[in-house]
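Dear colleague,

Please find the structure below, handed over for your use. My notes on what was found in it follow.

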Amino acid sequence: MAGPLPTHLLPEHSEIAADGRLSIGGCDLLDVAAEFGTPLFVYDEQHLRNRCREAVAAFPDGVAYATKAFLCVAMAKLVHEEGMDLDVATGGELHVALTAGVPAEKLVLHGNNKSLAELAYARTVGVGRIVVDSFDELERLTRLHQDDGYAPKVLLRITPGIEAHTHEFVMTGQEDSKFGFGLRSGAAGRAIELASASPAVDLVGIHMHIGSQVFVADSFHDAVEAMVPFVTTHDLPEFSIGGGLGVPYVEGESAPTMADWGGAIQAAAREAGITARITAEPGRSIAAAAAVTLYTVGTIKDVPGVRTFLSVDGGMSDNPRPVLYGSGYETFLPRATDAERTKPVRVVGKHCESGDLLVREGWVPDDVAIDDVLATPVTGAYGHSMGSNYNKILRPAVVFCRDGDARLVVRRESFDDLVRNDVV
Ligand code: LLP
């Protein structure tokens, strides 16, 4: 038995009514589900704004939202309104940000394999910075420079050679990584020599990103420490420490706040004599806890003596994280948010795969029934953005709730969308 849902996992502007019904941003979740259908991503808009404001306060020298965590036009507008830059990792993310009206100089382009076309797009619109990841990319930038003589501002992505405490798939700071120029191998030194001497780029800084969902402040500290000699020797105006701040997903987890994270990193950098502007790129810590996903329970299967499967109308196509990383989530019924959760269940999706699960070990009230709306909290990051159309399931809609108003920001896909690109 798991007790009621720990309310600290809910978005900031959540309210449980006397009858147990949950509203977010003043919008009752069962009403929102009835109006927009399920599966549905419901964001607390003010929660998103508050996290952006915290990030801006924690990194006064500049901070970009890592759009890969969750991106749509409304989200790009929101983070820009709140004073953040935007980290885009592909031509596609760049395009969405520009479509939202974000000025190109507010954008930072990432990617370990940027195509010539992506680099050309970024240069033409004038993105603020390009984070160069490889020697091949430097060469592509040189080729483009030969045509027009333009030298974009760039940072070099350096892998500090430390292993962050996180899942292997989201660890990026180790020497054995597809990302960046390794410090230990000497690649970082060669890259900086080349870039400094090259007329094709205007080298303005150094970048690192050690991984994602990192809870242990020591990992960031170790990474900064590993970078100190390099950063101080080359004395460039900007040092970006990337993203990676973890968030609690389930009962018992806790993470540093944005202010703690920013404070600790900047203190470590200053103590070590780094005078560069310290910038960062949080994604998950902005978006994850701002949203819950709503599903409808369709079948309940008891396997006597083993477990109960609750099948819902979404699955690995709206949240692949449990399948990819074994990530844990809580679950609850928004009609009885503060009820004791006495029934152990496995929440599974509707895909044709046994592995398609959303909550491996979940708990719900005993009276869970067909047609109940079921929610998973902390699903605002890397769910919608990593979603798919597997089994031709329609991608869910996204709603932003604030002050009692539920605003549709991404409409649900239609069957017609599924054949839109087919050539007959
Ligand atoms: N900057 C760079 C260069 C990155 O590669 C990332 C994330 C971030 C910033 C933002 O990291 P965050 O603050 O969100 O941790 N799909 C995985 C996470 C992959 C993260 C990829 N890069 C997951 O669902 O856990």
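Buried means under 20% relative accessible area, exposed over 50% and partly exposed in between, with a 1.4 Å probe and protein chains only. Helices (H or I, at least four residues) and strands (E, at least two) are DSSP runs, numbered from the N terminus. In a regular strand the side chains alternate between the two faces of the sheet.

Please note that this is a predicted model, in which local features need pLDDT of at least 70 and side-chain atom pairs count only at pLDDT 80 or more, while totals for chains, interfaces and linings use all residues. Residues are numbered from 1 along each chain as its sequence is written, and side-chain values use heavy atoms, with hydrogens and water left out.

Strand β5 (residues 64-66) runs parallel to β6 and is joined to β6 by three bridges; two strands pair if DSSP finds at least two bridges between them. Leu86 is the bridge partner of Tyr65 and also stands opposite Leu107 in β7. Strand β7 (residues 107-109) pairs with β6 in the parallel sense, again over three bridges. From β6 the chain crosses through helix α4 (residues 91-99) to β7 in a right-handed β-α-β crossover. A right-handed β-α-β unit is also made by β5, helix α3 (residues 73-81) and β6. Right-handed means that, with the strands pointing away from the viewer, the path from the first strand over the helix to the second runs clockwise.

**Helix α9**

The 14 residues of helix α9 (residues 258-271) should span 20 Å at 1.5 Å a residue, and the end C-alpha atoms are 20 Å apart, which agrees. The expected span is 1.5 Å times one less than the number of residues. Met258, Trp261, Gly262, Ile265, Gln266, Ala268 and Ala269 are buried in α9. They cover an arc of only 160 degrees around the axis, which puts them on the same side of α9; the arc is that of the directions from the helix axis to the C-beta atoms. Ala259 and Glu271, on the other side of α9, are exposed.

**Backbone points to check**

Thr38 and Pro39 are joined by a cis peptide bond, with omega about -10 degrees. Asp371 is not a glycine, yet has a positive phi of about 80 degrees.

Kind regards
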